[in-house]
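User: I'd like to go through this model with you, one question at a time. Can you walk me through the sheet and a couple of residues?

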Amino acid sequence: MLRRLEAGFAVIGDVQFLPGYSVLLVDEPGVQRLSDLPRARRLSFLSDMDRLGEAVERVCRRLDPGFRRVKMENLGNTDPFLHAHVWPRFEWEPAELVGKPVWLYPGDRWSEASP
């Protein structure tokens, strides 16, 4: 865990082929969708996502001259709980992937064994 935030937990992503990948996990068990939260908690979760994205951007900008931007996604197609992905994107990514969704990276990049 990186930090406890107002409506969730900021954690380091389980793969780091894009260094700095982080995830925001909701702090309420059973919450599957953003719309499951009352409006005030929903806004807190979105604010936490913004804070995490800004922190990742600051660190990546400082450490990697190839940093481009941060992409944030709230997909929820695999895990049955509300979470948000924070993906830093870099100039050094393969040309065929740099402007596309991170989910198009080959399957071998999605395990710890990846360099």
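**Sheet and residues**

Analyst: The open sheet has five strands with antiparallel pairing, in the order β1-β2-β3-β5-β4. Strands here are DSSP E runs of at least two residues, numbered from the N terminus, and two strands pair if DSSP finds at least two bridges between them. This is a predicted model, where local features need pLDDT of at least 70, side-chain atom pairs count only at pLDDT 80 or more, and totals for chains, interfaces and linings use all residues. Residues are numbered from 1 along each chain as its sequence is written, and side-chain values use heavy atoms, leaving out hydrogens and water.

User: Which residue in β2 is the bridge partner of Arg4?

Analyst: β1 and β2 (residues 8-12) pair in the antiparallel sense over two bridges. In β2, Arg4 has as its bridge partner Phe9.

User: Is Arg89 buried or exposed?

Analyst: Arg89 is found in strand β5. Buried means under 20% relative accessible area, exposed over 50%, and partly exposed in between (1.4 Å probe, protein chains only). At 4%, Arg89 is buried.

User: Which side chain makes a polar contact with the side chain of Arg89?

Analyst: A polar contact is a pair of N or O atoms within 3.5 Å; within protein, one must be able to donate a hydrogen and the other to accept it, and residues adjacent in sequence count only if both atoms are side-chain atoms. At 2.8 Å, the partner side chain is Glu93.

Definitions and conventions:
Helix = DSSP H or I, 4+ residues; strand = E, 2+ residues; numbered from the N terminus.
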